[in-house]
Amino acid sequence: MRSELRWKLCWENELDIIDHVDPPEFFRKAYGPTGVFNTKLFSGSQSWARRADNVHWQATGVDKGARAAMKSQRPAVLWFTGLSGSGKSTIANALDRLLHARGKHTYILDGDNVRHGLNRDLGFNQSDRVENIRRVAEVAKLMADAGLIVLVSLISPFRGERRMARELMEEGEFIEIFVDMPLEECARRDPKGLYRKAFAGKIANFTGVSSPYEIPESP
C-alpha cells in the first residue's frame, strides 16, 4: 500500500502541486505516451494549480534599441491574417526572402509550424485557438524585443485576439495584413484538402465553414 506523500512541483514557475498521493501516476498522466507535458490536466482546478504570484520582471542591460541598432533595422511584427489557403504563408515567405536578400534580420512564425512544437498541445476549439494566438503573440513580442522583423502567418480569426496581439507591441510596431481571398477561391484551391473534409463534416470548427472569421476593420 502506497504511503501518502506531500510534495511540491514547480513547473516553469507556473504550478504549485501539493498533497498528491501518487507522484508516479501524476507524471504518467502529465506526460502521457507522447512525452509532452499536458497543461490541460490542471485546467479549472485551483486546488491542483495556481499561477505564481511572486514573479518579478528582471531588468537587463541591453535593450531593444541597442539590439535593433546593431542590426540597422526597426523591429516590427507583420501579422498576416486570412482564411486557410488564402496565401498568407506564400506571401510571408516571399517577403522573408526579399528582406533577407536586403540584409534584414527576420523570422517567420507560421501557424502550422508552431503547432509542431510550441503549441502542439492545443486543439482547434475556440479556447485553444485563443491560446494559440496568445502564445504566438508573446513569442513575436520577444523576437521584436530582440530587434527582429517578425512575420506571423496565422489564420487568427477573432478580432479580439488580433487586438490583443497589437496591444502587446509598441506603438506602430504591429502591422496587420489581411490576405483577402474569398472563401470560394480558398475552397477551390484547397492545397491541403481541408475544405473538402470540412464541408463533408469531417473537420469541426473549421474557419469559414463551421467557425467564423471576423474580417479586420482597419488592416
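In the predicted model, the largest nonpolar core comprises 17 residues, of which Val77, Trp79, Leu109, Val136, Ala140, Val150 and Val152 touch the most other members. Two or more residues of this core are contributed by each of β3 (76–81), α5 (126–145) and β5. The largest share, six residues, is supplied by α5. The contacts of Val152 illustrate this packing: leaving out residues up to four places away in sequence, Val152 touches Val77, Leu78, Trp79, Phe80, Leu109, Val136 and Ala140.

An unreviewed UniProt entry carries the annotation "active site" for Ser156. This residue lies in the loop that runs between β5 (149–153) and α6 (159–168). Ser156 is classed as buried because its relative accessibility is 2%, where the cut-off for a buried residue is under 20%.

When neighbours within four places in sequence are set aside, the residues in contact with Ser156 are Trp79, Thr81, Ile133, Arg162 and Tyr213. With one of these residues, Trp79, the side chain of Ser156 forms a polar contact of 2.9 Å. Trp79 is also listed among the residues of the largest nonpolar core that touch the most other members, and Trp79 is one of the residues touched by Val152.

Note on methods:
Residues numbered from 1 in each chain as written. Predicted model: local features only at pLDDT ≥ 70, side-chain atom pairs only at ≥ 80, totals over all residues. Heavy atoms only, no water. UniProt positions renumbered as here; feature names shortened; annotations may be inferred. Helix = DSSP H or I, 4+ residues; strand = E, 2+ residues; numbered from the N terminus. Buried < 20%, exposed > 50% of the residue type's maximum accessible area, 1.4 Å probe, protein only. Contact = heavy atoms within 4.5 Å. Polar contact = N/O pair within 3.5 Å; in protein donor to acceptor, adjacent residues only side chain to side chain. Core = buried A, V, L, I, M, F, W, Y, C linked by side-chain atoms within 4.5 Å.
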